[in-house]
There are 2 protein chains.
Amino acid sequence: MSLLLRALNGEDTPRAPVWVMRQAGRHLPEYRALKERHDFWTLARTPDLTAEVTLQPVRRYAMDGAILFSDIMTPLPPMGLDLDFRPGPVLTAPVRDRAAVDALRVPSEDEVAPFVADAIRLLRAELERDHPGTALLGFGGSPLTLATYAVEGSGSKEYARFRAFLRSEPDAAHALLGKLADTSIAYLRMQVNAGAQAVQLFDSWAGLHDAATYARFGAPYAKRVLDGLADLKVPRIYLALDGAHLEREVAALPCEALSVDWRRPLGAWRAVAPAKTLQGNLDPAALLGPHDALEEEVRGVLRAGLGGAHVFNLGHGIFPQSDPAAVERLVATVRGFDRHAQAAR
Amino acid sequence: MSLLLRALNGEDTPRAPVWVMRQAGRHLPEYRALKERHDFWTLARTPDLTAEVTLQPVRRYAMDGAILFSDIMTPLPPMGLDLDFRPGPVLTAPVRDRAAVDALRVPSEDEVAPFVADAIRLLRAELERDHPGTALLGFGGSPLTLATYAVEGSGSKEYARFRAFLRSEPDAAHALLGKLADTSIAYLRMQVNAGAQAVQLFDSWAGLHDAATYARFGAPYAKRVLDGLADLKVPRIYLALDGAHLEREVAALPCEALSVDWRRPLGAWRAVAPAKTLQGNLDPAALLGPHDALEEEVRGVLRAGLGGAHVFNLGHGIFPQSDPAAVERLVATVRGFDRHAQAAR
């Protein structure tokens, strides 16, 4: 079993496996070259292009994990929610009432995104041939985060309209979250059945809510999705960005690993979720500073991750302006850090 | 002494005083009418217009606090950092190196913003005459938050450039933070000497940083500003937005009150800062929902604030799309809540 899967399954591995959120994308010159010829949606919906973009960081950095190149919005169009990228995702008709929720379809595993299944099959074959130590990760958005976009209609700093919707239309919100959960289960089961070896559920906007609101509209639907994958026996990673105040609710979710942001040290998360693998949590801004300081910060995260299973990653997606040489330094530092020797000190 | 000042000074008052962050501004039709004739900077720099805008919510809602209408960027131009509003503040020449920091001036109390001193004198006279129960609050940005803008140059979701600057130019960052702290002391002392009866220090971007970074670049400079006001004997309020993970550092700051956001319940803050007045923390999105649900949420915050001094407020600025009728309902609910009777239950 690959190092990444061993760590995600709870093993206190001799070195930390490493991958980087958004590793496939704009910080790579080879991605930007492809992007000049194809728009985002074409890259994400054309299996050989998707596989190529997904593999770019694996070839360059020999990452322990390859994460499918895609967008968490992918399952929305088959539900009946059309998207545009300008360049961020924008819904042509956001969900604003119960009738709009009732009109949504829940696509089957076969319908939801066949191009993703094809890309995953291509990727597994190529990885097994050329990068046998690299595990393939699938991913999706949590129901709460997908609902945030579905109601707001576009990116926002505050998502005021969505937060108001939870108050003015709580029944419609629950119906929407339920449909998004069932769609996400189909979407992620499809990914695993096509060959994804672990999955990450991104709750990028969980941190906007207080714990009571998250306990009502966030955690139950994340749990429903995670429970819906349990029989597949692949590690499930959950990320609640900016979720320090949600630690109790997050720690109770049925998943093998928590991906945590840079705000709160790994040790504090270890204390509330001792049975879970921790993934993270370098501040992505560290990649923009001097490389010696970066190495120090990477070592700090590695030391904080001792005493249990740890997957090295950033606390959030890599900034597009990051220098690939900085990522190389990061990866080399993680690979050179002997966790068992350090823990014995 | 007014109810607001009593509560800020630590008294467990019979009812919670109330004001609302950004109460003077875009959610009010009378503000929008003025804004059609004058741009933001004119309103903030013309004392009789500033006083008029500051008083609009006091007249409409009989708030217990009037907060000066201004922008936290106000002290930057006299330091040599020119600003444009398009409509958010944009620096014409952001600070990017040590030379730019060395070129900055630290204006004196008399130089920093005489138009603000004039507005405060007008306001105190008008409040004493027409609204004797309403206290006047001054405010400023914390050094960390001002530095965030000074380096980034404009609003941003991630402030990646600033976060990189802290790593690549730590000495320049400390020099910048020191100058911003001294300027902020002059700016806030001027406000108090002109008549402000309490001051709030806004650390709007504190929550972007992990506790170690905040302990290095945030807390020491917030402390320097707060210490620099101690002899004036006015209550000092500190707000660290999204600061649940900074609770220990924030609770140790020399201030009478903490203004806290909606993410974390008041009781959790009371536990770490038992000697401080708590201000907050209704989710501003509650004002966009049904008014009965709003009243329930307001009561929930009021109950959570029992057991110590509490100033009712939002957890962040009011959304511009908020209905003044919702604010009226909020204020009426706070006024109708007898804290001593509730606490005795």
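A residue is called buried here if 20 or more other C-beta atoms lie within 10 Å of its own. By that criterion, in this predicted model, helix α10 of chain A (residues 160-168) holds a run of buried residues: Phe162(A), Arg163(A), Ala164(A), Phe165(A), Leu166(A) and Arg167(A). The cover over these buried residues comes from both chains.

Chain A superposes on chain B by a rotation of 180° with 0.0 Å of shift along the axis, and the RMSD is 0.0 Å. The two copies are therefore related as by a two-fold rotation axis. Within chain A, Ala244(A) has the C-alpha nearest the axis, at 3.3 Å from it. Both copies use the same surface, since 100% of the contact residues of chain A recur in chain B.

Turning to the fold of chain B, seven strands form an open sheet with parallel pairing, in the order β1-β4-β5-β6-β7-β8-β9. At its edges are β1 (65-67) and β9 (310-314) of chain B, each of which pairs on one side only. On average, neighbouring strands of the sheet are turned by 25° against each other, direction ignored.

Within this sheet, β4 (residues 135-141) and β5 (residues 198-203) of chain B are joined in the parallel sense by five bridges. Among the paired positions, Gly138(B) has Val199(B) of β5(B) as its bridge partner. Helix α10 of chain B (residues 170-194) lies across these two strands and runs at about 170° to β4(B). Further along, helix α14 of chain B (residues 291-304) packs on the sheet where it touches β8 (277-282) and β9 of chain B, its direction making about 160° with that of β8(B).

Beyond its neighbours within four places in sequence, its contacts include Leu137(B), Phe139(B), Leu188(B), Val192(B), Leu229(B), Val234(B) and Ile237(B). The largest nonpolar core has 231 residues, and those touching the most other members are Leu137, Val199 and Tyr238 of chain A and Leu137, Val199 and Tyr238 of chain B.

Notes:
Residues numbered from 1 in each chain as written. Chains lettered and ligands numbered in written order. Predicted model: local features only at pLDDT ≥ 70, side-chain atom pairs only at ≥ 80, totals over all residues. Pairing = 2+ DSSP bridges. Helix = DSSP H or I, 4+ residues; strand = E, 2+ residues; numbered from the N terminus. Axes fitted to C-alpha atoms, helices over the stretch in contact; angles between N-to-C directions. Contact = placed C-beta atoms within 7 Å. Buried ≥ 20, exposed ≤ 12 C-beta atoms within 10 Å, placed from the backbone. Core = buried A, V, L, I, M, F, W, Y, C linked by C-beta atoms within 7 Å. Least-squares fit on C-alpha atoms with pLDDT ≥ 70 in both.
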